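Here are some notes to read alongside the model, for anyone opening it for the first time. Take the points in order and keep the viewer open.

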Amino acid sequence: MIGPLVHAVNVTKSFHHNQVLKGIDLDVDEGRVVCLLGPSGSGKTTFLRCINQLETIDGGRIWVDGDLMGYADRDGKLYRLPDKQIAAQRREIGMVFQRFNLFPHMTAIENVAEAPVQVKGESKKAARQRALELLERVGLADRCAAYPAQLSGGQQQRVAIARALAMQPKLMLFDEPTSALDPELVGEVLSVMRELASEGMTMIVVTHEMSFAREVADTVVFMDGGVVVEAGAPADVIGNPQHQRTKTFLSRLR
Ligand code: ADP
């Protein structure tokens with residue numbers, strides 16, 4: 001495609017009188033990894049949710065792979081798309097949450113195979129075969145028959161990643177995927193994400209894991225108070241921040 005896979009322009013979003021996003025611009029080229037950093041409450045999660053239309057934006061525009069998300073643009077005016085079309089757009093985007101949100105009554109393989117069968121109408125056999133391959137990719141082929149409660153948090157999150165990948169998304173959004181995990185389980189999830197990045201998946205990752213951002217991100221975006229304060233290569237934004245707010249944030253993490 002021509003142009004970035006994700007193109008967000010002047011995105012605004014309020015909850016009641018609280019303006020949470022105050023004009024966010026972001027471009028993400030295909031195959032690139034962007035890490036969103038910033039203090040709690042700066043709007044990172046809300047922005048991710050706007051990209052895949054879990055939230056409706058108040059202003060601005062977001063394109064994913066050339067598709068204007070949530071709207072049709074007719075003569076410069078925006079018209080909200082019907083829910084069915086929004087659902088179809090959302091299907092192209094995988095999302096991994098802080099809490100794994102697996103279906104508790106289904107095994108790992110059933111969790112991964114569910115959406116391709118239910119939403120895409122794939123045959124059960126084909127979906128299970130691919131689910132097994134995906135579980136293998138996240139290092140869990142031997143746990144495919146386990147229920148979520150029988151898995152560690154890190155394993156559950158890896159199943160959640162496999163489940164998102166099963167829909168063959170163009171883009172993966174990660175919302176603090178390791179922040180609910182015990183420290184010893186963080187590494188296994190980050191290493192799956194690292195591998196995904198090296199295979200060329202386009203990813204936007206909200207994280208506080210600075211070493212991951214340094215190593216894996218092509219671009220780091222520091223948000224505070226609903227604006228992008230600075231963005232650039234990790235060596236610049238993390239290694240040599242220009243703005244006081246970035247410096248303060250980073251110094252608190254160390
Ligand atoms: P971050 O991910 O950077 O911690 P969030 O996007 O979660 O920030 O939150 C930004 C602000 O938006 C916070 O003040 C939060 O309370 C508010 N907020 C988020 N979601 C909602 C909601 N559904 N209703 C009202 N306020 C919300």
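This is a predicted model: local features need pLDDT of at least 70, side-chain atom pairs count only at pLDDT 80 or more; totals for chains, interfaces and linings use all residues.

1. Let's begin inside. Seven residues, Arg137, Val138, Leu165, Val192, Glu195, Leu196 and Glu199, line the largest cavity. Helix α6, residues 183-198, contributes the most to its lining, with three residues. By type, the lining of the largest cavity splits into four nonpolar residues and three charged ones, with no polar ones.

2. How many cavities of 30 Å³ or more are there? The count is two. The second largest cavity holds about 30 Å³ of space. Around it you will find Val64, Asp65, Asp67, Met69, Gln89, Glu92, Ile93 and Lys170. Charged residues number four in this lining, next to three nonpolar and one polar.

3. Now for the open spaces. The largest pocket contains about 590 Å³, and 22 residues line it. Which of them lie nearest its centre? Those are Ile93, Met95, Ala115, Arg163 and Met167. Several elements each supply at least two lining residues: helices α2 (83-90), α3 (108-118) and α5 (153-165), plus strand β8 (93-96). The lining of the largest pocket is made up of 13 nonpolar, five polar and four charged residues.

4. Have a look at Asn52 while you are in this area. Asn52 sits in the loop that runs between α1 (44-51) and β4 (59-64). Is Asn52 buried or exposed? Its relative accessible area is 3%, so Asn52 counts as buried. Leaving out residues up to four places away in sequence, Asn52 touches Arg90, Ile93, Met95 and Leu173. Two of these names, Ile93 and Met95, were also among the residues nearest the centre of the largest pocket.

5. The second largest pocket has about 150 Å³ of space. It is lined by Met106, Glu110, Ala113, Glu114, Val117, Gln118, Lys124 and Arg128. Two elements give two or more residues to this lining, α3 and α4 (124-137). Of these, α3 provides the largest share, five residues. The split by type is three nonpolar, one polar and four charged.

6. Next, the ligand. A polar backbone atom of Gly41 is 2.7 Å from an oxygen atom of the ligand. From Lys44, a polar side-chain atom lies 2.8 Å from a ligand oxygen. For Thr46, an N or O atom in the side chain is 2.5 Å from an oxygen atom of the ligand.

7. What does the side chain of Gln155 reach? It reaches the backbone nitrogen of Ser152, at 3.0 Å. Setting aside neighbours within four places in sequence, Gln155 is in contact with Leu140, Arg143 and Glu188. Gln155 counts as buried because its relative accessibility is 18%, and the cut-off for buried is under 20%.

8. Last, some backbone angles to check. Most residues other than glycine have a negative phi. Asn10 is not a glycine, yet it has a positive phi of about 50 degrees. You will find Asn10 in strand β1, residues 6-15. With a relative accessibility of 44%, Asn10 counts as partly exposed. Asp75 has a positive phi as well, about 55 degrees, and is not a glycine either. Its place is the loop between β6 (71-74) and β7 (77-80). Where does Asp75 stand, buried or exposed? At 83% relative accessibility, Asp75 is exposed.

Technical notes: Residues are numbered from 1 along each chain as its sequence is written. Side-chain values use heavy atoms; hydrogens and water are left out. On a 1 Å grid over the protein atoms alone, a cavity is a set of points where a 1.4 Å probe fits but cannot get out, and a pocket is an open set with protein on both sides within 12 Å along at least five of seven lines; lining residues have an atom within 4 Å of a point. Grid points are joined across faces, edges and corners, and a volume is the space filled by probe spheres set on the points. Helices (H or I, at least four residues) and strands (E, at least two) are DSSP runs, numbered from the N terminus. Ala, Val, Leu, Ile, Met, Phe, Trp, Tyr, Cys and Pro count as nonpolar, Asp, Glu, Lys and Arg as charged, and the others, Gly among them, as polar. Buried means under 20% relative accessible area, exposed over 50%, partly exposed in between (1.4 Å probe, protein chains only). Contact means heavy atoms within 4.5 Å. A polar contact is a pair of N or O atoms within 3.5 Å; within protein, one must be able to donate a hydrogen and the other to accept it, and residues adjacent in sequence count only if both atoms are side-chain atoms.
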